[in-house]
Amino acid sequence: MRTIQVTEMIDEQKFNRFHLQILLCCIFIIICDGYDMFMLGTILPSLMAEWRITAVEAGLFSSYALFGMMIGALVFGPLADKFGRKKVILICTVIFSVFTFTSGFADEPTSFGIHRFVAGLGLGGVMPNLIAIITEYAPKKLRSTPVAIMFSGHALGGVVASMGAMYLIPNFDWRAVVWLGALPLIFMPILYKLLPESINYLMTKNKKSKLVDVLNQVNVDGQYSMNDNYVLQEQLKSEMKGFPVKQLFKKGRTLSTLMFWIAFFMCLFVMYGLSTWLPKIMVGAEYELGSSLTFLVVLNLGAVFGAIVGGKLADRYGSKRILVTFLVIGFITLQC
């Protein structure tokens, strides 16, 4: 009987077809997530005109979704540890797709806001679990790159939302932009078949047959079987016990954890603020709606490029150095 160190085996693999399969599934879902989040900015001028609401009232739409995202991230993260990341990812995708679609039938601000809040639960729950599952399977030497490529899909979703709105709003209505958010539902059977379950979940729940099947896809030359003994790193197993979030504040990690949280909060604050209000700001500056949406396309194309290039540079020069550099660049350009 062989003893297989699962984490070490995954770390040592080269990027192969199985990794590409996971990456494509995650990119598709995160593009849909980004579309759902960024499309609000493209339809906001139309909503304000149709329902005759103020900028303050319109801003609540974004707040409803963001508040839902916060709750969704807090709730669905721990649930993924208990029920599996694959299940939670697919459930969250269904939630934000369904309630984005149904928000298109709203005929007044309150009902639209409620739908945005529920959709936000799914949006918030899906993102951290996508990052976790792709990080778990990525080879150690390339870990930052597939995560960055996947995360660039969020901005790409903003590009799709902006370009789609440029055609749909003049020819149909803002509701057509919203209804397009139901597209992921069509692909759920494919995602269910191709997206693997978390290795950590399969190990902790002792689902050995499924574990063997997945490992033979990770390493086609491994010839793993039910007769082998599979173990995680001892440190990883000990940190998974109890309440995992506590581990972020142990062994001198308190300051770095808080700084990561602050940096991530500020990045999302700027990103969602710009995506929500940039078209309206440009309309207020007397640009046509189509031209104002072009600014949103350019913003998100830059985000796609930055995410991919930044991930590649992080693998080569280290995440800390590249992250600080990109934050400084972002600060300077926003002041210009």
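Is Arg-85 buried or exposed, and what is its relative accessible area? Arg-85 is buried, at a relative accessible area of 17%. The cut-off for buried is under 20%. The model is predicted.

## Arg-85 and Asp-81

Arg-85 pairs with Asp-81 in a salt bridge, with the closest N and O atoms 3.2 Å apart. Asp-81 is partly exposed, because its relative accessible area is 40%.

The salt bridge count is four. One of them joins Asp-36 and Arg-116, whose closest N and O atoms lie 2.9 Å apart. This pair links distant parts of the chain. Asp-36 sits in helix α2 (residues 17–51) and Arg-116 in helix α5 (residues 109–137), 80 residues apart. Both Asp-36 and Arg-116 are buried.

Glu-50 and Arg-175 also meet through their side chains, at 3.2 Å from N to O. Here too, distant parts of the chain are linked: Glu-50 belongs to helix α2, Arg-175 to helix α7 (residues 174–179), 125 residues apart. Glu-50 counts as partly exposed because its relative accessibility is 39%. Arg-175 is buried, at 16%. A network of salt bridges links Glu-50, Arg-175 and Asp-173.

## Nonpolar surface patch

A nonpolar patch lies on the surface, with about 840 Å² of accessible area together. Its members are Leu-255, Met-259, Ile-262, Phe-265, Met-266, Phe-269, Val-270 and Leu-334. Helix α12 (residues 254–284) supplies the largest share, seven residues.

Leu-334 lies in helix α14 (residues 319–335). Leu-334 counts as partly exposed, because its relative accessibility is 47%.

How values were computed:
Residues are numbered from 1 along each chain as its sequence is written. This is a predicted model: local features need pLDDT of at least 70, side-chain atom pairs count only at pLDDT 80 or more; totals for chains, interfaces and linings use all residues. Side-chain values use heavy atoms; hydrogens and water are left out. Patches are made of residues with over 30% relative accessible area and no salt bridge: like charges are joined within 9 Å, nonpolar side chains (Val, Leu, Ile, Met, Phe, Trp, Tyr) within 5 Å. Accessible areas come from the Shrake-Rupley method with a 1.4 Å probe; for residues, only the protein chains shown count as cover. Helices (H or I, at least four residues) and strands (E, at least two) are DSSP runs, numbered from the N terminus. Buried means under 20% relative accessible area, exposed over 50%, partly exposed in between (1.4 Å probe, protein chains only).
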